[in-house]
Amino acid sequence: SSSEAYMFFWSIIVIFEALLFVSSIYFVKVFSEGEDVSFRNKVVWLFLLLPILILVPTRLNISHFDIPSCTPVSNILYNNYALPLYGLLLVWFIIIIIIKIKKATVDNKKQIKLISLGSFTFLFLFFVSNLLTDYLISNEIWSLIDSYKIEMYSLFSMPIFLGILAFLIVRYKAFNIKLLGAQALVMTLVLLVGSQYFFAQN
């Protein structure tokens, strides 16, 4: 049925959201270092994502389908793990930015600052909008539909992020063949954000 399909696609959003944060960290590290991240970092990221990947098909992710609002209702996986994980990854992202800016050469420092600003603005608004939405729903202050509309505001930072990327490409020729993987991640981020817009509209 349409409700079952809706619940399925809604349930996997948490995977894309988590990948959004991890991909952003990966992108900034590759951009600032000019090479792939260490295997150890990849293992740590996989370890953090593992509970989400394992529990997504269970009731710990989506508890039930709210018929009046035609909206799946998130359970403890999102509230007690995913949201705190986003906060942890955001702090990790800030630490990486500070370290990379301090270590950067004079020529690269401005580029790293710009790409970090765009990425951080996007992730911060994304995290805050999700946190606020969860608070409003948990405390029954707003309806499910009205609360989820708040997440749309995080999309306003996406043009800023893409604009900074365009500026870096044109002004500094920041991307080359060695960073094709990072460029692919940019497209992934765009697709992930687009999926957020799609589900919010439905």
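Author: One term to start: helices are DSSP runs of H or I with at least four residues, numbered from the N terminus. And note that this is a predicted model.
Reader: Ok. Where is the place of L53, then?
Author: L53 sits in helix α3, which covers residues 39-55.
Reader: Is L53 buried, exposed or partly exposed?
Author: L53 counts as partly exposed, because its relative accessibility is 41% and that class lies between under 20% for buried and over 50% for exposed.
Reader: Zooming out. What does the secondary structure come to?
Author: Eight helices and two strands. Along the sequence, the pattern runs α-α-α-β-β-α-α-α-α-α.
Reader: And how many of the residues count as buried?
Author: 45% of the 202 residues in the protein chain. The chain exposes about 11,000 Å², with 69% of that supplied by carbon and sulfur atoms.
Reader: Now the inside. Which residues touch the most other members of the largest nonpolar core?
Author: V14, F21, I52, Y86, L89 and L123, out of 41 residues in that core. Elements giving two or more residues to this core are α2 (13-33), α3, α4 (76-103), α5 (106-138) and α7 (158-172).
Reader: Which one gives the most?
Author: α4, with twelve residues.
Reader: Back to L89. What does it touch?
Author: Leaving out residues up to four places away in sequence, L89 touches A18, F21, V22, I25 and L48.

How values were computed. Residues are numbered from 1 along each chain as its sequence is written. This is a predicted model: local features need pLDDT of at least 70, side-chain atom pairs count only at pLDDT 80 or more; totals for chains, interfaces and linings use all residues. Side-chain values use heavy atoms; hydrogens and water are left out. Buried means under 20% relative accessible area, exposed over 50%, partly exposed in between (1.4 Å probe, protein chains only). Accessible areas come from the Shrake-Rupley method with a 1.4 Å probe; for residues, only the protein chains shown count as cover. A nonpolar core is a set of buried Ala, Val, Leu, Ile, Met, Phe, Trp, Tyr and Cys residues joined through side-chain atoms within 4.5 Å. Contact means heavy atoms within 4.5 Å.
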